[in-house]
Amino acid sequence: MRTIGAAVAIAALGLAGTAPANAVPNNNSVKKLTKAVTVEGVLDHLEALQDIADEYGDRASGRPGYDASVDYVVSQLEGAGYDPVVQEFTFDYSEENSELARVSPDPRTFVDERDFLRNSFDTGTPEGTATGPLVPVGVVVPAADLPPNSNTSGCEASDFADFPEGGIALVQRGTCGFTVKVLNAQAAGAAGVVVMNEGQPGRTGLVGMIGDATGLTIPAVFATSAAGEDLAATPGATVTVTVDYLSEERTTYNVVAETKQGDDDNTVMVGAHLDGVQAGAGINDNGTGSAALLETAIQMQKVKPSNTVRFAWWGAEESGLLGSEHYVEALTAAEADDIALYLNFDMIGSPNYMFGIYDGDNSGGTAAPGFIPEGSAQIEDVFEKFYADRGIPSQDTEFSGRSDYGPFIAVGIPAGGLFTGAEGVKTPAEAELYGGVAGASYDPCYHAACDNLRGDGRDEALYDQLEEDYTLVGNVNEYALDVNADALAAATITFAFDTSTVNGVRKPGKSHGAGKSKDAFKNRFAR
């Protein structure tokens, strides 16, 4: 258990305060709760998270900004009358300061984990930095018309004939292993290597790292085909490649709180990950889900639901769903059986949004047979009805287990949730439905420093286009956030009183009532 020292830290940051309990009515219906959960209230929490990031640089798990985010959520929950539990766990922390940048001409810094990755294997991962002229070696751009896995770039030592000492080699994925390419480049005198994806459909993104390159002594990274093509467009440009990272075990936290009324044997769980990436404030990803969840919990403080409602803010999602995974693994079989369903909210205010609902009935056919637990389709129905009742378009989004519902569905718990899009690209049909810019990412600042409330670092030309249709608060679409905060609240209060469509439970069983003790809750879920 972590000791919470929120009061001084939060007061010093001047963060938003929780409304006094006597000022919050009994918001025990969809109509009352969606009226109470306002976008202004959600934005107050986002401003608090932004203030934390301004103070500490980011809100990534294992770092001070995340700890301050935990303190903020705990202080708000305690102010609303909850007895939150801070669940501690350890994880493999890594700190990335690797870099891929074109220094000149037309300087550009590429985004780690979006445009490129450093090698992460235990061997062949030398740290260091190199700056030199970019030298493409057998690179074919564009490669879309070539057969996949056909490029021989860097596969032979002869490919590097006359390679300049100290150059930065740009090689392309193809017929031989990445290790062969980087070691050939090193032998030819390269000071650093960029391996780009090949470029055909399905071979454009970040597919992984270079591998076990024993004997490699120079920095090497893997880049998307788009990043590689951008570099290749200016042969002879000066490029910097840096591999710099830290890896160690650290401690981080989940925050869990539940209603004092309700049937423990039929618990409704609602969650969002609280951590961001190290690049910055993590405001859309996932301040939006965390803030809307927090405001919903605050506005439900006087509700006496039929079913226990358990709210969760997960740590280390960005490191691989580790917080939710730890929580689920710590449950006994009986405790897992007591969870009727899980709702997940990860990125619900993307600036170039679409209204995506997890495809619980697999109507899109993207999930394997048996992957989606029974009852998930009925959760999707509740969200679809919410949008339909408001005359708002919505669409399926892939039920992939990519976010914190993954550990829950792995043990058979029905799940659902909302998603407004990340690095995926908005289609013309979606632009017709929702407005915005077709051909641009739903969140152009996904996992980037510009995912903040201030508007710092954005592509101003693109965001000017978005603001022709939308009101944006930094990297957050205010309308999308407003609608989805209501959708979150509506689904939560619906299932708080009735989960019968999901699991057949039509009336309350035993209720722990107001007598449930703080210590009992901590003993159950603080392990």
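Within the largest nonpolar core of this predicted model, which holds 105 residues, Leu77, Phe311, Trp313, Leu343, Tyr387 and Phe408 touch the most other members; such a core is a set of buried Ala, Val, Leu, Ile, Met, Phe, Trp, Tyr and Cys residues joined through side-chain atoms within 4.5 Å. Helix 14 (residues 478–497) supplies the largest share of this core, 12 residues. Because the model is predicted, local features need pLDDT of at least 70 and side-chain atom pairs count only at pLDDT 80 or more, while totals for chains, interfaces and linings use all residues. Residues are numbered from 1 along each chain as its sequence is written, and side-chain values use heavy atoms, with hydrogens and water left out.

**Nonpolar cores**

- In soluble globular proteins, nonpolar side chains tend to be buried together.
- Tryptophan 313 touches, beyond residues up to four places away in sequence, a set of residues including Tyr66, Val73, Leu77, Asn254, Leu274 and Leu294, where contact means heavy atoms within 4.5 Å.

**Asparagine 307**

- Asparagine 307 is found in strand 12 (residues 307–314); helices (H or I, at least four residues) and strands (E, at least two) are DSSP runs, numbered from the N terminus.
- Asparagine 307 is buried, with a relative accessible area of 3%, given that buried means under 20% relative accessible area, exposed over 50%, and partly exposed in between (1.4 Å probe, protein chains only).
- The side chain of asparagine 307 reaches the backbone oxygen of phenylalanine 495 at 3.0 Å.
- Leaving aside neighbours within four places in sequence, the contacts of asparagine 307 include Thr259, Gln261, Asp263, Phe495, Phe497 and Asp498.

**Backbone geometry**

- Most residues other than glycine have a negative phi, and most peptide bonds are trans.
- The peptide bond from valine 141 to proline 142 is cis, with omega near -5°, and proline 142 lies in the loop between strand 5 (128–136) and strand 6 (168–172).
- A cis peptide bond also runs from aspartate 285 to asparagine 286, with omega near 0°, and asparagine 286 has its place in helix 7 (residues 283–299).
- Aspartate 106, in the loop between strand 2 (99–104) and strand 3 (108–109), has a positive phi near 50° although the residue is other than glycine, and at 55% relative accessibility aspartate 106 counts as exposed.
- Glutamate 113, in the loop between strand 3 and strand 4 (116–118), is not a glycine but has a positive phi of about 70°, and at 46% relative accessibility glutamate 113 counts as partly exposed.

Note on methods. Polar contact = N/O pair within 3.5 Å; in protein donor to acceptor, adjacent residues only side chain to side chain.
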